[in-house]
Amino acid sequence: MDNAILSFKDVAKSYPDGENTLDILQAIDFQLNKGEFIGLVGPSGAGKSTLLSLAGALLNPTQGEIYLDGISMASLSPKEQTALRLSKIGFIFQSAHLVPYLNVKEQLLFVAKLHGTAKGDANHHADELLDKLGLTHRSKHYPDKLSGGEQQRIAIARAMMNDPSLILADEPTASLDFSRATSVVEWLSHEVNEQGKGALMVTHDERMLRFCDRVIQLEDGKIRSIS
Amino acid sequence: MYLSWKEICHSKGRFFFMMLIIALLSYLVFFISGLANGLSSDNASAIEKYSHQTFILQKDADQRINRSALTSDTVNRLRDKLGTDRTHPLNLLTTTGNKVNKEQKIDLTFFNGQPSQSSSVTLIDGKQPNKASTVDIIIDQSIQKSGVHLGDRIKDQLSGLTFRIVGLTKHTTYSHMPVAYLNQAEWHLLSKKAALNSARPLESAAVLTSLSVQEAKELTHGLPLSQDVQVLSAADVIKSLPGYSAEQSSLTMMISFLFLISVFILGVFFYIITVQKRSQFGLLKAIGTGTAYLARSLLFQTLIVLVISLGISLLLTWITALVLPSGMPFALSLATIGTRLAAFFVISMISILLSIYQIIKIDTLSALEGR
């Protein structure tokens, strides 16, 4: 148990739908350990994004408990959840969602600034990340001048910036070509394994699953298999 | 602050136009306010000098000081009742004159109040006339527009008397005419001569008292007078000056409409900008930016926009005041500028509160998914 970064304990999520309730997720029970990279697959509508939102404290479960580093997230106030996302969770979305008026390096420095990291450290870390992702030459560009792949890599760098314990990725490779996607996911998996983080990645691309330590198959809101 | 400043620097064009519109709107507000103040002062500044006093006019004059005529009997009875040391008659005569040896006619009004009143008027040039003099007068500097200057002599056409200008005053106009202040001896002479020509004795327009309207009303109630009188505050007398309300109300209406337009434009501006950035705010919240940070950032941005655009409009107003011809009545006091600025700030803060409410209720997930 000590090893767990994220654990779902019999989690369910449902929405009221007219007179009935719509069950999106039911009886979700799994644990993500340090250094582990889990892939999340399933047909659309299976509840993958909802699961990811629950893990990121963007939603609260209807039932059950979710623990991040041993803290029950539902018991936190919205303000504390925001602070938790800032320091412990790195989000990577389907589209990059960069801030349009910040240049590449400023995107990274901004999250460090929110977190209260000292300027020199933040600068150093940002340079390091940009170097790893091969984007140093782009550091002064604004998002509208970057290709989709570059934008997505910046988003990944931004997610890593505050050194989170958990990385949540919602189809991060959807906008990348195969070779770019492979190198990004490979790099992500390497980082996770080496630095003892945890990552949960939703993907449609079966070819990316070979970098995952385990794969959760979701179907109709339930876990069909974990392999 | 970081975010808002970066955004302004990045979207210079958008913010430039926004500032331009706010600057032009507020410039128009300042300009019309200046015009309204200028006209008001041009019409009433001589009466405003008595703003702390209570006026007693003839009732049939319908609150209009230019129509009021109190007989010396009424004046004496009123002064006896209210106390001679607390009252003084105000005499005024609107007439036409001309500069000696010149044909061009000039409208002007003679004022004669308490003996010491002319000293309460600020001289901008020349000197106070001798109390015993029967020719020396001080007059509002606006007479210079008609080509009459310090030391010139003007002839009153009604009485045929000639006066010499020994001093120029400021902010002493009545019904857009310069006011000339006469001493007791001069007024006495004028009323005798004018009465000969117009067949009726010159009468006092009003009795002024330092008592409050209420006190004066109580004291004059039931007083046996040959004329009915009405007790009024200086503000009421000013409002009833010919043309005053008409000028002021139309300009006030324009200013209020401008403010109304500003409310909508600012409100819609800030609202739309916030709505446009919904997904961006959603993302910022998702990666851990607090709502308070976003609200502060928006507030700061609004303040920057406001300060710059109001600064530009004040600069434009200042340039306008310099460029305007001297005949144009234009006056802006610091108090007026202050209240207008405050109004703009309040309006913007209200519209920004609406936007902040937007930010608060943004649901991170739906904003991200573009729902």
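Colleague: Where is Ile226(A) found?
Modeller: Ile226(A) sits in strand 10 (residues 222-226) of chain A. Helices (H or I, at least four residues) and strands (E, at least two) are DSSP runs, numbered from the N terminus. This is a predicted model, where local features need pLDDT of at least 70, side-chain atom pairs count only at pLDDT 80 or more, and totals for chains, interfaces and linings use all residues. Residues are numbered from 1 along each chain as its sequence is written, while chains are lettered from A and ligands numbered from 1 in the order in which they are written.

Colleague: Is Ile226(A) buried or exposed?
Modeller: Ile226(A) counts as exposed, because it has 12 C-beta neighbours inside 10 Å. The rule: buried if 20 or more other C-beta atoms lie within 10 Å of the residue's own, exposed if 12 or fewer, partly exposed in between, with C-beta atoms placed from the backbone.

Colleague: Which residues is Ile226(A) in contact with?
Modeller: Leaving aside neighbours within four places in sequence, Ile226(A) contacts Phe30(A), Arg214(A) and Ile216(A). Contact is when two C-beta atoms, placed from the backbone, lie within 7 Å. As for Val185(A), 41 residues apart from Ile226(A) along the chain, the two C-alpha atoms are separated by 20 Å.

Colleague: What does UniProt list for residues 6-226 of chain A?
Modeller: An unreviewed entry lists residues 6-226 of chain A as "domain: ABC transporter". UniProt positions are given in the numbering used here, feature names are shortened, and annotations may be inferred rather than shown by experiment. In the model, that span is 35% helix and 29% strand, and its end C-alpha atoms lie 15 Å apart.

Colleague: Next, helix 5 of chain A. How many of its 14 residues are buried?
Modeller: Twelve of the 14 are buried, so helix 5 of chain A is largely enclosed by the rest of the structure. The buried ones include Arg153(A), Ile154(A) and Met161(A).

Colleague: What covers them?
Modeller: The cover includes strand 6 (89-92), helix 3 (104-115), helix 4 (119-132), strand 7 (166-170) and helix 6 (178-195) of chain A. Just after helix 5 of chain A, Asp163(A) takes a positive phi of about 55°.

Colleague: Which other residues in chain A have a positive phi?
Modeller: Asp10(A) is one of them, with phi near 50° in a residue other than glycine. Asp10(A) is in strand 1 (residues 4-17) of chain A. Asp69(A) also has a phi near 50°, and lies in the loop between strand 4 (63-68) and strand 5 (71-72) of chain A.

Colleague: How do those two count, buried or exposed?
Modeller: Asp10(A) is exposed because it has 12 C-beta neighbours inside 10 Å. Asp69(A) is partly exposed because it has 14.

Colleague: What about the nonpolar core? Which residues touch the most other members?
Modeller: In the largest nonpolar core, of 91 residues, those are Leu40(A), Leu168(A), Ala199(A) and Leu200(A). Apart from it lies another core, of 51 residues, among them Ala61(B) and Leu232(B). A nonpolar core is a set of buried Ala, Val, Leu, Ile, Met, Phe, Trp, Tyr and Cys residues joined through C-beta atoms within 7 Å.

Colleague: On to chain B. Why does the length of helix 9 agree with what it should be?
Modeller: At 1.5 Å a residue, the 33 residues of helix 9 (residues 291-323) of chain B should span 48 Å, and its end C-alpha atoms are 48 Å apart. The expected span is 1.5 Å times one less than the number of residues.

Colleague: Which residues does UniProt list as "transmembrane region"?
Modeller: The unreviewed entry gives residues 251-273, 293-321 and 341-360 of chain B. Residues 293-321 of chain B are 100% helix and 0% strand in the model. Residues 251-273 of chain B are likewise 100% helix and 0% strand.

Colleague: What ipTM does the predictor give the complex?
Modeller: The ipTM is 0.81, and the pTM is 0.76. Chain B has a mean pLDDT of 86, with 95% of its residues at 70 or more. pLDDT is the predictor's confidence in each residue, from 0 to 100.
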